[in-house]
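Please look over the sequence and the 3D structure below.

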Amino acid sequence: MKEESLIRKWLDYDLTPEELKVLEGSEDFQTLQHISNIAAGAKAPEFDVAASLAALPISQPKEKSQSIFTIATLAKIAAVLVLALGVYFYTTTLDTNIQTQFARTESVVLPDDSSVIINADTELSFNKSAWKTNRNLSLNGEAYFKVAKGEKFTVATPGGSITVLGTQFNVKYRDDKLEVTCYEGSVKVSAGTATIVLEPTHKVILENNKIIKKYKDNTNAPTWIAGESTFVSVPYIDVIREFERQYNVTIETHDVDVAKLFTGSFKHQDIEIALKTIISPMQLIVTKEGKKIIISSE
């Protein structure tokens, strides 16, 4: 295999043990490792190519063989410089990606000391290297943010974006529906041509780039970060889907009106108690088949 191909696979961490041995035997391997260690740092080294080349101790060629050697050496230096820049940009433009599993939450401190609590079955990504000038995140799922004051902070979801300067808010994007609740400061929510600014204790629900509901939520923080999922006039199917996320189970419904609105809550610590709290108000019964839960009408 050609050395250039091995280098590309080495940068992608895709070498087999046999291929790595071949590359380690090449004369440029130690140089490559040194470049990689430098590129992994937080800041790219400043490098004046013209000045560095001018400082090289290159004598005037006297014979044809010397001229060929000098040109080859310069070509190798240029190749190393290109490779160094490539490694640097490859390693510093990668996003940090976090994905929580069912029945799991995770807390993250961002580079500016903003904090995020990520709910179960959620994807979050951001670029750590560019964070000082670009406080942008991508979210698919649900998360609660405490944002340190500073430059504009934007959370992008498939259903719209949320922009703040420094505040506390909750974002939930599930099943093509975006829900945003402001707990401190103010929050700007944009989806298509729809834009709304939320003050503390206000919540908005958007679907298909349209505001379908806005109301007050008189809580100090979302209840899910304390281990309880709360619902106010939501379709029963939303309650079932959230129960599946929090307990990592599969639920089937038989003869149940899943479009009927539900108001209530369930805790995340005890599945038996939690089941009772979501079926009793709807006068439903539960049976189990292995790991599958079946909810049906009486």
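**From the sheet to the pocket**

In strand 6, Ala 143 is the bridge partner of Ile 118. The model is predicted: local features need pLDDT of at least 70, side-chain atom pairs count only at pLDDT 80 or more, and totals for chains, interfaces and linings use all residues. Residues are numbered from 1 along each chain as its sequence is written, and side-chain values use heavy atoms, with hydrogens and water left out.

Strand 6 covers residues 142–146 and runs antiparallel to strand 3, joined to it by four bridges. Strands here are DSSP runs of E with at least two residues, and helices are runs of H or I with at least four; both are numbered from the N terminus. Two strands pair if DSSP finds at least two bridges between them.

Now stay on strand 3, residues 115–118. Its side chains alternate. Val 116 and Ile 118 point to one face and are buried, that is, under 20% relative accessible area with a 1.4 Å probe, protein chains only (exposed is over 50%, partly exposed in between).

Asn 170 stands opposite Thr 181 in strand 10.

Where does the largest pocket lie? Domain 2 (100–224) and domain 3 (227–297) both give residues to its lining, so the pocket lies between them. Those domain bounds come from an automatic or database domain assignment.

The lining has 35 residues, and Lys 172, Glu 179, Lys 203, Thr 230 and Phe 231 lie nearest the centre of the pocket. Elements giving two or more residues include strand 9 (168–174), strand 10 (177–184) and helix 6 (236–247). Strand 15 gives the most, with eight residues. A pocket, on a 1 Å grid over the protein atoms alone, is an open set of points where a 1.4 Å probe fits, with protein on both sides within 12 Å along at least five of seven lines; lining residues have an atom within 4 Å of a point.
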